[in-house]
Amino acid sequence: MIAMILGALLIALVSGMLTGLFGVGGGFLVTPLLNIVLGLPMPIAVGTGVMNILGVSTAGLYWRRTSNLADYKLALVLLGGNISGVYFGTQTLEAFKARGLLTLNGTPIPAADFYTLIVLLALLLAIFAWMYLETRRANPRPVRVGLFARIHIPPYAEFPSLESPRLSIPVLVYFGLFAGYLTGLLGVGGGVILLPALVYLVGMRTHRAIVTSLFMVWLTSLVAVVSHAYRGNLDLPVLMALLVGGSIGFQIGMTLCGKLDGLKLRRYFCYVVLGVAAMVLARVFAAMF
Amino acid sequence: MRVVVNILLGLVIPIAWGLLSAWAFEWLRDRQRRKGGQGG
C-alpha cells in the first residue's frame with residue numbers, strides 16, 4: 001500500500017510539473033500510468049483520475065479568478081452535451097467492466113482495461129500528431145473565424161466574445177457531448193482537446209480559450225466525479241497522494257516554465273505524449289502476444 | 001449510504017485541496033515578493 005501511495009505521489013509530481021510547464025496534461029497521463037505502473041483496475045484509475053482533475057482545475061480557476069476571461073455562456077451551452085457525454089462514457093466503461101476478463105493467447109486481461117487502453121492509445125497518437133505538426137509550422141496564422149462558424153444548423157446563439165459571434169447550438173452541444181464522452185470513458189479532463197478546439201473550431205482568442213477550457217474542464221470533471229463516485233470507482237489514499245503530489249509538481253513546473261522557450265516546451269511535450277503512448281502500446285502488446 | 005459518502009468525498013476533498021493549495025502557494029509567493037521588495 002505504501003509503495004502504491006509513493007508511486008501515485010511520484011506520478012502526480014511528474015504530471016503536475018508537466019501541467020505547470022505546458023498548461024495541459026492532467027488526466028491523459030495520470031490515468032494510463034495509474035493502470036500500467038500501479039496496476040489499478042481501469043474503472044478505479046479513471047474515477048480517481050477525474051477526482052484529481054477536479055482538484056487541479058479548482059486550483060487553476062482560483063489562480064485565474066481575477067482574469068475575467070471565461071466565456072460562461074459558451075461553457076454552459078457546451079455543458080448541455082457534456083453531461084450526457086459523461087453519462088454515456090461512464091456507461092460504456094461499465095459495459096466493458098461487465099464483460100469481465102478477456103483471454104488473449106491464454107493470458108487473461110480485464111476487458112475494461114484492454115478496450116480503454118486501445119481508445120487511449122488512439123487519442124494519444126492523435127494528440128502527438130497534432131502537436132508535432134503544430135510545432136513544426138513556421139509561421140502559425142492567428143485564427144479569426146473558427147470552423148464551427150461555417151456550419152449553419154439552426155438554432156443559433158450569439159457569443160459577443162468571439163469575432164464571429166453567431167454559432168450553431170446543436171454543433172456546440174454535440175462537440176460538448178464528444179468531450180464529455182472522453183472524460184467519462186478515459187478520465188481525461190478534456191483540456192487537451194478543448195483548448196485547440198476553442199481556438200481553431202470556435203475561433204476564440206488563446207488567453208480567453210485557456211480560461212474557458214479550464215472552466216469547462218472543472219464543470220465536466222464535477223459531473224464525472226459524481227458519476228464515477230456513484231459507481232464506487234474511487235481509491236481514497238491514491239487520490240490524496242495524487243492531489244498532494246500534483247499541487248507541488250504544478251508549482252515546480254510553473255517556476256521552470258518561465259525559464260524555458262515556448263516552442264521548445266511544446267516540442268518536449270510531444271515527446272512526453274509519445275512516451276506515454278509507447279507505454280500503453282507495450283501494455284496492449286503484452287496482453288496480445 | 002456508501003454511495004452518498006463516496007460522492008461527498010469525491011467532490012469535497014479535491015475542491016477543498018485545490019482551493020487550499022492554491023491559496024497557500026499564492027500566500028507563499030506574496031510573502032517572498034514582499035521580502036524581496038524590502039531587501040531591494
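**Figure 1. Packing of H3(A) against H9(A) in the predicted model.** In this predicted model, the axes of H3(A) and H9(A) come within 9 Å and cross at roughly 35°, and H3(A) passes H9(A) in a right-handed crossing. On the H3(A) side the contact is made by Thr48(A), Met51(A), Asn52(A), Gly55(A), Val56(A) and Ala59(A), and these meet Val238(A), Leu239(A), Leu242(A), Leu243(A), Gly246(A) and Ser247(A) of H9(A). By class, the residues of this contact divide into seven nonpolar, five polar and no charged. An α-helix has 3.6 residues a turn, so residues three or four places apart point the same way.

**Figure 2. Helix H9 of chain A and its buried residues.** H9(A), residues 236-257, has 22 residues and reaches 31 Å from its first C-alpha to its last, which is close to the 32 Å expected at 1.5 Å a residue. Among the buried residues of H9(A) are Val238(A), Leu239(A), Leu242(A), Leu243(A), Gly246(A) and Ser247(A), each of which also takes part in the contact with H3(A). Ala241(A), Gly245(A), Gly249(A), Phe250(A), Gln251(A) and Gly253(A) of H9(A) are likewise buried.

Figure 3. Leu40(A) lies in the loop between helix H2 (27-36) and H3 of chain A, and Leu40(A) counts as buried because 24 other C-beta atoms lie within 10 Å, where the cut-off is 20 or more. Leaving aside its neighbours within four places in sequence, Leu40(A) is in contact with Leu34(A), Asn35(A), Ala45(A), Asp235(A) and Val238(A).

**Figure 4. The crossing of H4(A) and H8(A).** The axes of helix H4 (residues 72-98) of chain A and H8(A) come within 9 Å and cross at roughly 35°, with H4(A) passing H8(A) in a right-handed crossing. Residues of H4(A) in this contact include Leu74(A), Leu78(A), Asn82(A), Val86(A) and Thr90(A), and those of H8(A) include Thr212(A), Phe215(A), Leu219(A), Val223(A) and His228(A). The contact of H4(A) with H8(A) has twelve nonpolar, six polar and no charged residues.

Figure 5. The 26 residues of H5(A), residues 111-136, should span 38 Å at 1.5 Å a residue, and the end C-alpha atoms of the helix are 38 Å apart, which agrees. Buried residues of H5(A) include Ala112(A), Asp113(A), Thr116(A), Leu120(A), Ile127(A) and Met131(A). In the loop between H5 and strand S3 (156-158) of chain A is Pro155(A), and the peptide bond from Pro154(A) to Pro155(A) is cis, with omega near 0°.

Figure 6. Chain B has one helix and zero strands, its C-alpha atoms fill a box of roughly 55 × 5 × 5 Å along the principal axes, and buried residues make up 18% of its 40 residues. The contact takes 20 residues from chain A and 16 residues from chain B. On the chain A side, the elements that give two or more residues are helix H3 (42-63), helix H8 (206-230) and H9, and H3(A) gives the most, with nine residues. This side of chain A has 14 nonpolar, six polar and no charged residues. Chain B averages a pLDDT of 87, with 92% of the residues scoring at least 70, and the predictor gives the complex an ipTM of 0.89 and a pTM of 0.83.

Key. Residues numbered from 1 in each chain as written. Chains lettered and ligands numbered in written order. Predicted model: local features only at pLDDT ≥ 70, side-chain atom pairs only at ≥ 80, totals over all residues. Helix = DSSP H or I, 4+ residues; strand = E, 2+ residues; numbered from the N terminus. Expected span 1.5 Å × (residues − 1). Buried ≥ 20, exposed ≤ 12 C-beta atoms within 10 Å, placed from the backbone. Contact = placed C-beta atoms within 7 Å. Nonpolar A, V, L, I, M, F, W, Y, C, P; charged D, E, K, R; others polar. pLDDT = per-residue confidence, 0-100. Axes fitted to C-alpha atoms, helices over the stretch in contact; angles between N-to-C directions. Left-handed = near helix turned anticlockwise from the far one by under 90°.
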